[in-house]
Amino acid sequence: MLAAIFYIAAVLLANLTATLFLPFEVAPGTGVLVSVGTLVFGLTFMQRDRLHSRGRRFVYSVIALAAVLNFAMLFSISAFWGAPLVRLLEELNWNWLAEGAAMLTENGWRVFIASFLAIVVAESADTEVFQYYRQYSWWGRVMRSNAVSIPIDSILFNLIAFAGSGFFPPVVLAKVILGEIVTKF
């Protein structure tokens, strides 16, 4: 049950920090960007894989609960406390954090839709691959399921959340997706 709590908390924290980006060099000169949320979201893969010991139905129920709580959180940010939070962060001269909070406030619906679909599609794919390879060791199942779910999650989330939003030009978006895939692995 503790893994389920950590999984849900990591999903929520990852989406709160999805619009805060750090420069990251996979190799010299690559200059990809990695969301702070990506660093946090990496924890969800490990926790979700721990949930499999409780069965497929349990895993899907935790994924669904995380998606619903994620919606409630992002809706409340967009509707109720986003703008006051941005002003507070600007007054504290935490401009980098204020910029990310403003993006989340203005585009929270895009982040929510992207997160919801990425969670449902990528986590479901991961669960099915993990269950399919039950005859392999736990690490073998983790590696196979993550090899499928990490690229699906990174591509789906970023294309829905940021493509066409004007937040990133296409080449930067490609670097964000590459940075996320590499970081999550």
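Q: How far apart are the closest N and O atoms of Glu 180 and Lys 184?
A: A salt bridge is a side-chain nitrogen of Lys or Arg within 4 Å of a carboxyl oxygen of Asp or Glu. Glu 180 and Lys 184 form one, with their closest N and O atoms 3.4 Å apart. The two residues are four apart in helix H6, so about one helical turn separates them. Helices (H or I, at least four residues) and strands (E, at least two) are DSSP runs, numbered from the N terminus.

Q: What kind of model is this?
A: This is a predicted model, where local features need pLDDT of at least 70, side-chain atom pairs count only at pLDDT 80 or more, and totals for chains, interfaces and linings use all residues. Residues are numbered from 1 along each chain as its sequence is written, and side-chain values use heavy atoms, leaving out hydrogens and water.

Q: Where is confidence lowest, and where highest?
A: Read pLDDT as the predictor's confidence in each residue, from 0 to 100. Strand E1 (residues 21-24) has the lowest confidence in the protein chain, with a mean of 69, while H5 has the highest, at 90. The mean for the protein chain is 82, and 92% of its residues reach 70 or more. Where pLDDT is low, the predicted coordinates should not be read in detail.

Q: Which residue forms a salt bridge with Asp 153?
A: Lys 184 does, and the closest N and O atoms are 2.3 Å apart. Asp 153 sits in helix H5 (residues 138-162) and Lys 184 in helix H6 (residues 170-184), so the pair ties together parts 31 residues apart in sequence.

Q: Are Asp 153 and Lys 184 buried or exposed?
A: Buried means under 20% relative accessible area, exposed over 50%, partly exposed in between (1.4 Å probe, protein chains only). Both Asp 153 and Lys 184 are buried. Glu 180 is buried as well.

Q: How many salt bridges are there by this rule?
A: The count is six. One of them joins Arg 48 to Glu 123, with the closest N and O atoms 2.6 Å apart. That pair links distant parts of the chain: Arg 48 is in helix H2 (residues 36-51), Glu 123 in helix H4 (residues 95-132), 75 residues apart. Both residues are buried. Arg 48 and Glu 123 also belong to a network of salt bridges with Asp 49 and Asp 126.

Q: What does Arg 50 touch?
A: Contact means heavy atoms within 4.5 Å. Arg 50 touches Ala 3 and Trp 138, leaving aside residues up to four places away in sequence. Arg 50 lies in helix H2. Its relative accessibility is 43%, so Arg 50 counts as partly exposed.

Q: What should helix H1 span?
A: The expected span is 1.5 Å times one less than the number of residues. For the 15 residues of H1 (residues 2-16) that gives 21 Å, and the end C-alpha atoms are 21 Å apart, which agrees. Buried residues in H1 include Ala 3, Tyr 7 and Leu 12.

Q: In what order do the elements of the protein chain run?
A: From the N terminus they go α-β-β-α-α-α-α-α. The protein chain has six helices and two strands.

Q: How much of the protein chain is buried?
A: Buried residues make up 47% of its 185 residues. Among contacts between residues at least 6 apart in sequence, 71% join residues at least 24 apart.
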